[in-house]
Amino acid sequence: MSNTINQSNVTSSSKPTSNYSTKKKIFESVKFILLLLGAIVMLYPVMWMLSSSFKTVDKIFTEVGLWPSEITFNNYLQGWEGISGFTFSTFYLNSFIVVGLSILGNIIACSMAAYAFARLDFTFKKILFAVMLASMMVPIHVLLIPQYILFNNLNWINTYLPLVVPKFLATDAFFIFLMVQFIRGIPRELDNAARVDGCGPVQIFTRIIFPLMTPALVTTAIFTFIWTWNDFFSQFIYLSNPEKWTVTLALRGFLDTMGESMWGDMFAMSILSLIPIFVFFIAFQKLLIEGISTTGIK
Amino acid sequence: MISRFWHKNKIPLLFLSPWLIGVTILAFIPMIASLYLAFTNYNMLQAPTWVGLENFNTMLNSDSRFFQSLKVTFIYVFLGVPLQLIVAFSLATVLNRGVKGLSFFRAIYYVPSILGPSVAIAVLWRQLFGMEGIFNDFVSIFGLEPQSWISDPSTSLYTLIVLLVWQFGSPMVIFLAGLKQIPSDLYEAAAIDGAGPAYMLFKITLPLITPIIFFNLVMQIIGAFQAFTPAYIIGGGTGGTLDSTLFYTLYLYIKAFTQFEMGYASAMAWFLLVIIATFTGLLFLTARKWVHYQD
Amino acid sequence: MKKKLLLLLMLLVTSILIIACNGDEDTVGEDSEGTDNGSGEESNDEGSASEEEVEIRFAWWGNTERDKKYNEILDLYEEQNPNVTIIREPSTWNDYWPKLSTQVAGGNAPDIFGLHLLLYGNEYFTKDVIEPLDSYVDQGLVSLEGWDQSVLDAGTYNGDLLALAKGVTIQALITNKSKIEGLGLDAPPAEISYEDFKDYAATAAEALPDGEYVTVDPTLIGEHGIEMWVRQQGGSLLTPDGSALGFEKEHLTEYWQYWAEMREMGAVPPANISAEQAGVPEESTLFAQGKQLFQDRPTNQAKMFADLLGDAELAITRYPVMEDGEFRGGEQLQVPAIVMSQNSDVKEEAAKLLSFFVNDLEATKIYSAENGLPGTEPVRENLEGSLHPMDQKAVEHMNLVTEDIPKTTIRPEGAVQITELYQSYSEQVAFEQMTIDEAVDAFFEEAATILGQ
């Protein structure tokens with residue numbers, strides 16, 4: 001890809017090539033250094049958390065420097081012990097269940113709805129699209145009680161169902177809209193070609209659109225992972241017993257505004273809780289980046 | 001008649017059915033319930049009582065905190081969102097290609113967004129922008145007096161805007177995904193025709209990515225109007241000093257769960273819906289002029 | 001290739017999740033069975049209540065250390081009552097309240113839950129949410145033996161006993177005695193008047209280096225300060241029916257003036273530092289860092305600061321007294337209490353557990369003044385000697401204070417709005433956005449509108 005740019009610059013530039021390429025090299029280096037500096041700003045908080053996680057509690061708030069004067073692993077050992085007799089193994093497993101099901105739900109349900117909005121024609125389409133957008137505009141706090149009553153009647157309180165089932169019903173309209181925008185970026189000729197080959201709407205969706213919207217699906221997976229992992233409001237409302245708690249709830253459990261908090265444990269476990277998200281992001285960003293240009297639009 | 005309706009909508013309904021069920025049960029019905037509650041006095045512990053327009057009346061005529069929360073939210077939305085999107089778009093184009101260690105940088109620049117609105121970030125932000133924070137070391141280079149940026153009412157909101165801009169990862173990833181969707185042969189063809197980078201940016205990248213810019217703009221605005229967690233977590237559940245970080249949704253939350261006025265909170269929610277819908281509607285109207293779809 | 005990889009990954013995730021999901025659904029089954037058992041229990045209750053399998057939901061707020069104590073106590077109860085299973089629902093303070101109101105609104109309140117009477121008592125007392133305990137006392141399921149009348153009164157509404165204290169605590173000035181002595185000063189006596197305290201603060205502020213302060217600015221950390229100030233003068237925050245403010249403009253003017261002077265002389269931090277302090281973790285407060293002589297907190301938190309400050313010797317000083325006031329002190333008993341839901345299906349079993357929690361000597365020994373001192377004499381006696389030294393001092397402090405304070409009142413409905421309004425005008429004054437007179441007038445006017453509704 002960088003070749004392309006190179007070529008284009010060379011052809012458009014009237015200056016001698018050698019002069020140009022030194023300039024370009026300087027430009028690239030400056031860019032690189034700036035990016036590196038930016039990276040430090042981005043990473044500072046993690047460094048700070050990392051350093052705090054190795055400090056004893058009394059040092060966390062008194063020592064300003066990033067390098068702990070005395071290193072302790074106790075926060076990790078003690079933090080992993082968890083809360084109310086449940087260790088972080090339980091909380092991780094719970095988080096993975098919630099996150100995994102949420103990703104699956106969002107990918108299936110949102111892509112179906114998005115396909116209908118982007119490509120199919122049906123009655124009340126515009127109104128329904130507006131309803132979809134409007135459903136994102138009301139703060140969850142005022143929808144909470146009716147939803148809670150519903151889930152309570154279904155006997156779903158203190159299970160993962162109130163957190164997961166809505167994803168299979170495409171309630172995250174954010175992703176529907178995202179996918180709609182992506183599908184509308186896919187040339188219609190492809191649909192038409194498939195239709196000529198005898199594909200119906202269902203086949204067009206499964207064989208053309210779904211594979212071609214990989215970047216949007218990967219984005220959905222990444223965001224669902226992070227947002228579900230970090231979401232604490234619905235989790236603390238619906239999950240009551242520590243055995244059902246997720247990592248995020250357990251992290252909140254370490255802190256108490258009315259008394260002494262377990263800061264060291266909290267930082268240590270916060271660092272650990274970043275690892276799955278980070279690994280997931282690294283693994284999936286490859287798919288995101290390679291996206292359409294290699295999945296064979298040509 | 002019915003059979004024609006059925007014939008036309010059979011396939012779309014198949015695709016829409018999960019969403020239709022979800023939106024009806026989990027959004028539409030609760031929204032109607034909250035619309036009813038907006039006209040009642042409802043403390044959550046007892047049955048609601050009908051009060052007509054009283055909530056709206058109080059809200060618009062005698063609640064100074066309500067207007068404060070509107071002001072805070074508008075600044076946050078109209079300053080924070082454009083800044084965040086500009087940063088996200090610039091970095092997405094830079095990180096799209098042509099730099100050494102691309103995937104490394106992409107991952108690093110996404111880290112702040114992974115951290116999310118966690119308790120750790122709340123502590124960190126207080127450390128950064130507090131009296132003893134390193135931000136004061138930084139501004140002292142320019143000869144500024146140290147101060148508590150996070151609790152001074154004239155600056156505290158801006159520390160939250162910095163947080164929003166700093167967590168630009170989500171729109172950046174969406175931009176990246178959008179950039180990837182642009183077929184590379186367009187660039188190749190332009191290169192053969194001798195086009196420069198500026199031409200490619202303005203004539204290929206920008207027009208083709210307008211649906212994604214539009215998406216990010218709409219979603220970030222909808223999201224920022226409802227911003228809650230940053231202020232909730234960093235302000236410890238209050239609106240900060242002199243209500244300087246009293247976001248609209250935070251005030252709504254305080255009304256509902258601290259003051260036990262869910263009826264009033266519902267009224268606020270519907271007022272917010274109207275505001276957001278207006279801005280979103282305007283964006284959709286202008287979209288015809290500048291958003292280009294492939295279909 | 002990539003497509004296949006994605007598919008494979010998704011397949012993997014799916015299969016793992018189907019397994020996990022099945023496990024999950026099993027628990028759902030158990031849960032619904034549990035509830036059925038519970039409601040089944042009620043109909044069988046009449047005969048032999050004790051042998052039926054019972055599930056009791058028990059909710060509390062607190063940190064992990066406190067969770068351990070609760071679990072230990074509840075395990076003990078389960079051991080002694082094998083037919084009882086206690087479902088535990090811990091939360092942090094911030095999450096606890098929205099969750100509780102949602103549960104109540106959704107008809108799913110826990111059978112037993114914690115309630116902070118001063119802050120939230122009235123919101124719940126007035127709304128038929130809480131089961132009165134009197135009939136269970138009559139049946140002998142709940143014991144009130146040796147309870148202080150004042151503590152029982154705090155949990156009584158309209159003649160019904162609704163709440164029993166987990167502990168009682170009182171706002172005070174936790175004092176860093178070592179630090180004061182290090183300055184070459186004497187620690188103040190256990191009781192000190194407002195005027196003497198101001199003089200004392202002036203001397204201390206002189207002796208302290210830059211960036212260190214005498215005490216907290218109470219106008220910026222809530223309403224406890226003003227409430228005590230007006231109670232000392234025979235008033236109250238709100239009239240008992242909640243229809244008007246329970247004090248006059250002069251009270252507020254003088255109060256704000258007193259603390260404005262303290263700010264000017266550098267005895268309390270400037271407004272922006274106080275505001276910052278209000279939001280930081282206890283560990284990084286000026287007091288915990290050894291940069292402040294007094295900390296304005298409930299006495300049950302003294303032991304926490306003793307831990308944080310390590311070697312320093314701490315004392316408890318009474319909140320300043322008003323010798324010429326109607327009462328010398330204005331302190332309220334702060335009562336974190338335990339209550340039973342009116343919707344509970346297992347009321348009699350819940351009553352027994354509730355009584356066990358506050359009366360059983362073994363259980364209360366485990367809890368050990370976690371939420372303040374017990375409100376019952378036998379329990380206090382039993383704890384003697386095993387209390388944390390700071391809690392021991394809190395006992396002395398409580399004995400001193402309860403002599404001359406007005407009856408503890410529960411704030412009427414609408415109080416939260418008024419306290420938040422007060423907080424906002426206090427900030428206006430401290431940040432010098434308004435003069436004291438302007439702020440007083442504006443506060444009274446706006447309060448009247450809110451209360452008039």
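Buried here means under 20% relative accessible area, with exposed over 50% and partly exposed in between (1.4 Å probe, protein chains only). Helices (H or I, at least four residues) and strands (E, at least two) are DSSP runs, numbered from the N terminus. This is a predicted model, where local features need pLDDT of at least 70 and side-chain atom pairs count only at pLDDT 80 or more, while totals for chains, interfaces and linings use all residues. Residues are numbered from 1 along each chain as its sequence is written, chains are lettered from A and ligands numbered from 1 in the order in which they are written, and side-chain values use heavy atoms, leaving out hydrogens and water.

Seven of the eight residues in strand 2 of chain C are buried, leaving the strand mostly covered. Its partner is strand 1 (residues 54-61) of chain C, and the two run parallel over eight bridges; strands count as paired if DSSP finds at least two bridges between them. Within this pair, C:Phe58 sits opposite C:Arg88 of strand 2.

Elsewhere in chain C, three strands make up an open sheet in the order 8-7-9, with antiparallel pairing. Its edges are strand 8 (294-298) and strand 9 (314-317) of chain C, each of which pairs on one side only. From one strand to the next, the twist averages 35°. Four bridges link strand 7 (residues 171-176) of chain C to strand 9 of chain C in the antiparallel sense. Along strand 9 of chain C, C:Ile316 faces C:Ile174, and C:Leu314 is the bridge partner of C:Asn176.

What about the side chains here? In a regular strand the side chains alternate between the two faces of the sheet. In strand 9 of chain C, C:Leu314 and C:Ile316 point one way, C:Ala315 and C:Thr317 point the other way, and all are buried. Helix 16 (residues 389-401) of chain C lies across strand 7 and strand 9 of chain C, at about 20° to strand 9. Contact means heavy atoms within 4.5 Å, and axes are lines fitted to C-alpha atoms, for helices over the stretch in contact, with angles running from 0 to 180 degrees between N-to-C directions.

Chain A has another make-up: 15 helices and zero strands. Of its 298 residues, 60% count as buried. Among the contacts in chain A with a separation of 6 or more, 70% come from residues 24 or more positions apart. Helix 9 (residues 173-183) of chain A is largely enclosed by the rest of the structure, because eleven of its eleven residues are buried. Among them are A:Phe174, A:Phe175, A:Phe177 and A:Phe182, along with A:Gln181.

Two further buried residues of chain A deserve a look. A:Thr159 belongs to the loop between helix 7 (140-153) and helix 8 (161-168) of chain A, and its relative accessible area is 0%, so it counts as buried. A polar atom of the A:Thr159 side chain lies 2.7 Å from the backbone oxygen of A:Trp156, and the side chain of A:Thr159 also reaches the backbone nitrogen of A:Leu161 at 3.1 Å. A:Asp191, in helix 10 (residues 188-196) of chain A, is buried too, at a relative accessible area of 2%. Not counting residues up to four places away in sequence, A:Asp191 touches A:Arg119, A:Ile204 and A:Ile209.

Chains A and B come together through a pair of helices. Two packed helices are described by the angle between their axes and the distance between the axes. For helix 11 (residues 201-212) of chain A and helix 1 (residues 2-37) of chain B, the angle is about 40° and the axes are 10 Å apart. The two helices are therefore oblique to each other; angles under 35 degrees count as roughly parallel, over 145 as roughly antiparallel, 65 to 115 as roughly perpendicular and the rest as oblique. On the chain A side, A:Pro201, A:Val202 and A:Phe205 meet B:Ile11, B:Leu14 and B:Phe15.

Key:
A polar contact is a pair of N or O atoms within 3.5 Å; within protein, one must be able to donate a hydrogen and the other to accept it, and residues adjacent in sequence count only if both atoms are side-chain atoms.
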